[in-house]
Amino acid sequence: MRLLEFQAKELFAEYGIRVPSGHASTDISTARQDAKSLGYPFIIKFQAPVGGRGKAGGIQLCSTTDEFEIKYPQILDMTIKGERARAILLEKAANIKKELYLSLFLNRSKRCYTVIASAEGGVEIESVKDQIIREVGMGDITDDVASEIAKDMGLEGDVISQFVDTLSRLSQLAVEKEVELAEINPLAILDDGSLVALDGKMITDDNSNFRHPELQKYREESEVEERAEKSGFSLVIMDGDIAVIGNGAGLVMSTLDMLSDSGGKAACFLDVGGGATTESVYEALTLISKIDGITGILVNLYGGIVKTTTVASAFLLAYENKLIDLPVFARLKGAESDKAQVMLADSKTQLFDSVEDAIQTAVTEAKSR
Amino acid sequence: MNIFDILKGTEGDSDYCKKGVIVQGITGAYGSLHTKNMMSYGTNIVAGVTPSKGGQIFEGIPIHNTVQEAVDATGANISIVFVPAKFFKNAAIEALNAGIKLLVAIPEHVPVRDTMEVIRLAKEKGVTVIGPNTPGVMIPEIIKIGIMPHMPFKSGNVAVISKSGTLLYEISDALSAANFGQCITIGIGGDPINGTRLVDAFDMVKDLPSLEGLVIVGEIGGDSEELLAQRIMELNFTKPTVAYIAGRAAPKGKRMGHAGAIVMGTYGSAESKVNMFNKANVPVAKRPTEVPVLLAGKMKEFV
């Protein structure tokens, strides 16, 4: 799960990491109350799982009621890098002396947690200079290790102990909530000398969701995505017009790539998993029928575990029940594919021997519509 | 321990090419189905483990309550795990403590911290873990420890290492059709953290004298393809090697089916992987069916 800034900050606060006072809202009448209780000036922050919000105008200072009445609806209406606002955060403005960078993340190649810290924060991680990188096993960080990192960063005075405290709390949070990434950027030293998390980014391990009922309120899924997950599928909605269904993440990705190479545009990625049955493929078609703007369905199934006749009967049932009325371009390889051919002979489904041929026909027909 | 020694043994052993395999979760829906499939492929399944079902028999295979009992009764040192993801950690730790040397971890959706703990213990004990979220490992026509269908594979001298299950089948199928049989196929799994990384799988096969070619099947997410490309350059590995990378057209920031298949910023992108393989003089196929064509080209160069 990728948390929004205000959600990450809620957790930071719960673990005793200092954050500016703020309120998140999704409508202006609630926000008016928040504005009153915060007092001007404050910052209006667009909340969506994207970077570069500041550059896009999604983070703005607000000093008067008039300004608030104009800017709040404006920012709430923004779309940044294709993402609409999930909420708006009003946050007390801070007087920044210096911006640091701090993150704790799952290092995939080293197979351990790793800290990255720098005295030059406030920019994207790729541009962060003088990075201090420290591998920290399962994510537990002792005060000794934290103070070494602080010294390597060149921190001085009272900031060191505040940094050590922040890092050890971040470590506790990362371990307990099973995060893949917890990032504070910037971690700011304010004019009054205090160390405060001005932004927060957090990604938790979806596979550990069952151990974290307390995090489920942060879950953001559309109805169709939720239904896909319940069925054991993986669904990613995209912006094209050809739905792509297959078994196995790699195979479906590969089908997307080939579709894109042929000039086609995918409407979705739907992996029904290895253990597909008539019911689950029928369920997949039900999901597809709920997605807007689809003009054709491209199916790439490598059988073996899945019998292709199983898939064929699901298609027939879907047509019979008027669930779908779309052309299907299918490559079904594996057990009993000849029988599947016969079953689908009189339907709107065309079967192909190679996925390349299925894609070619799907793209040509999509363009002629 | 050398993977081929574990999977085949040495010529002259009474169990040469008939190594015993224990199935953890043998009575579950998935475990029982694939136990039958493995047996019909010729894998020597010697025992099953299901707590509380010890003493029962499945398809002629004795079931034990614990891995330790199964190991004591059979002497087997390979285990394949089919338990649900949330029980994986304990099942794996039980196997590692019972003296298993090769653990094939099938479950998908294992929490990554559980995987990390298992890998730590496995390292201490010198155990090879393949997976989780893997289709398994096989030496075609000798032993199949996993859930892969048998049709795509045929015996030969090309090694295939893959993050993806179905692409492993698809590409092996294309290789077999072009007469490139396989000496081993290793699915490393689609999770962010793998017991055997691509580079470890490479190390398992690179020194095989009979190896005639290597096929690497990667996908977006992480940097294990980049690390492998680097290793190929460092070792100046010159045997014909071809790669395929899935996910060029995947949107950034979205998890594409596999827990590990996600591009964050530029980290994990297909371009980065393709560029590194190109640097290492490893051609990258645009589609699965192009793999045998490129491999044939590399083999001509090699001779």
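The second largest cavity holds about 30 Å³ of space. A cavity here is a set of points on a 1 Å grid over the protein atoms alone where a 1.4 Å probe fits but cannot get out, and lining residues have an atom within 4 Å of a point. Grid points are joined across faces, edges and corners, and a volume is the space filled by probe spheres set on the points.

This is a predicted model: local features need pLDDT of at least 70, side-chain atom pairs count only at pLDDT 80 or more, and totals for chains, interfaces and linings use all residues. Residues are numbered from 1 along each chain as its sequence is written, chains are lettered from A and ligands numbered from 1 in the order in which they are written, and side-chain values use heavy atoms, with hydrogens and water left out.

Back to that cavity. Its lining includes A:Asp205 and A:Asn207 from chain A, and B:Val110, B:Val112 and B:Ile193 from chain B. By class the lining has five nonpolar, one polar and two charged residues; Ala, Val, Leu, Ile, Met, Phe, Trp, Tyr, Cys and Pro count as nonpolar, Asp, Glu, Lys and Arg as charged, and the others, Gly among them, as polar.

How many cavities of 30 Å³ or more are there? The count is two. The largest has about 90 Å³ of space, and among its lining residues are A:Arg108, A:Ser109, B:Lys163, B:Asp191 and B:Arg197. That lining divides into one nonpolar, four polar and five charged residues.

Next, the interface. 62 residues of chain B are in contact with 47 residues of chain A, contact meaning heavy atoms within 4.5 Å. The two chains bury about 4,300 Å² between them, 57% of it on carbon and sulfur atoms; buried area is the accessible area (1.4 Å probe) that two parts lose on being put together, summed over both.

Eight salt bridges cross the interface of chain B and chain A, a salt bridge being a side-chain nitrogen of Lys or Arg within 4 Å of a carboxyl oxygen of Asp or Glu. One of them joins A:Glu180 and B:Arg255, at 3.2 Å, N to O.

Over all chains the count of salt bridges comes to 38. Within chain A, A:Glu67 and A:Lys71 form one at 2.7 Å, N to O. These two are separated by about one helical turn, because they are four residues apart in helix α3 (residues 65-76) of chain A. Helices are DSSP runs (H or I, at least four residues), numbered from the N terminus.

Methods: 1 Å grid on protein atoms, 1.4 Å probe; cavity = no way out; pocket = protein on both sides within 12 Å on 5 of 7 lines; lining within 4 Å.
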